[in-house]
Amino acid sequence: MPAVTLPPPDDELREALRLQLAVRLAAARSHGLSRWVRRRAAAPAEVAAAAAAPAANGAELLAAEAARVACCTRCPGLATTRTQTVYGVGDPRAPLMLVGEAPGADEDRLGEPFVGRAGQLLTKMLAGIGLPRERVYIANILKCRPPGNREPLPDEKASCTPYLHEQIRLIGPRLLVALGAHAARHLLATETSIGRLRGRFHDYRGVLLMPTYHPAYLLRNPGEKAASWEDLKLVRQKLRDLRVYADLPGYSQP
Ligand code: SF4
């Protein structure tokens, strides 16, 4: 008797359709589309043009991945308390990518990482080495806000890190900056203090990584800004050595 493949249960089917729709919506929004119009039959010339079109670009792939993450429920304690996931922001082909720990209240509300006072300082720090925020990519290890801004739990970081790995793979940065002790220690799998980790490059899955202080920490400890500035100057010099951002001007301390 021939084998019969049973259809998936209703819940699975609904989840698959929801995910597929979310990916399509994200791809449409990445193209600036906000309305759906019923498709007419394509002319033969359009079919031929579509067949010759290049595969999805980096921005589309990132948008699709962001849509996938938006449906994630791996950490029930975060998936049920978040307003939305905070995937990342910036140039999808950025040579420089900055990684923090987790979204805070402002980020959870607005869906963008580093948008509060700490985010404003980060934007200033980047401007100090001549980099507009739009020319880098900014993300966090966790894509959901821990309630009450508590520290992420180890299993939450472990569950979300594969999304960061995929993000790094799609963007392909030449250099990473880990913002803060928690991000640096998690990425480098060490308990060494940020004070001992910062100031030199490390290797993270084949990409150079500079740990430095988190902007929120710098707001509370302005005396450490000089050290962070030294880290950023090393980053700027390395970007110059790698011949990326060749058009950027010289240094000016923020
Ligand atoms: S933190 Fe990451 S793994 Fe956990 S629910 Fe959010 S997106 Fe999923």
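**Close-ups of a predicted model**

**View 1. Strand β2 beside strand β4.** Strand β2 (residues 96–100) pairs with β4 in the parallel sense, over four bridges; strands count as paired if DSSP finds at least two bridges between them. Strands here are DSSP runs of E with at least two residues, helices are runs of H or I with at least four, and both are numbered from the N terminus. Val99 has Ala178 of β4 as its bridge partner. This is a predicted model, so local features need pLDDT of at least 70 and side-chain atom pairs count only at pLDDT 80 or more, while totals for chains, interfaces and linings use all residues. Residues are numbered from 1 along each chain as its sequence is written.

**View 2. The other partner of β4.** Strand β6 (residues 207–212) runs parallel to β4, joined by five bridges. Here Ala178 has Pro211 as its bridge partner in β6.

**View 3. Glu112 in its loop.** Look for Glu112 between α5 (105–110) and α6. Glu112 is partly exposed because 17 other C-beta atoms lie within 10 Å. The C-alpha atoms of Glu112 and Gly90 are 9.9 Å apart, though 22 residues separate the two along the chain.

Technical notes
A residue is buried if 20 or more other C-beta atoms lie within 10 Å of its own, exposed if 12 or fewer, and partly exposed in between; C-beta atoms are placed from the backbone.
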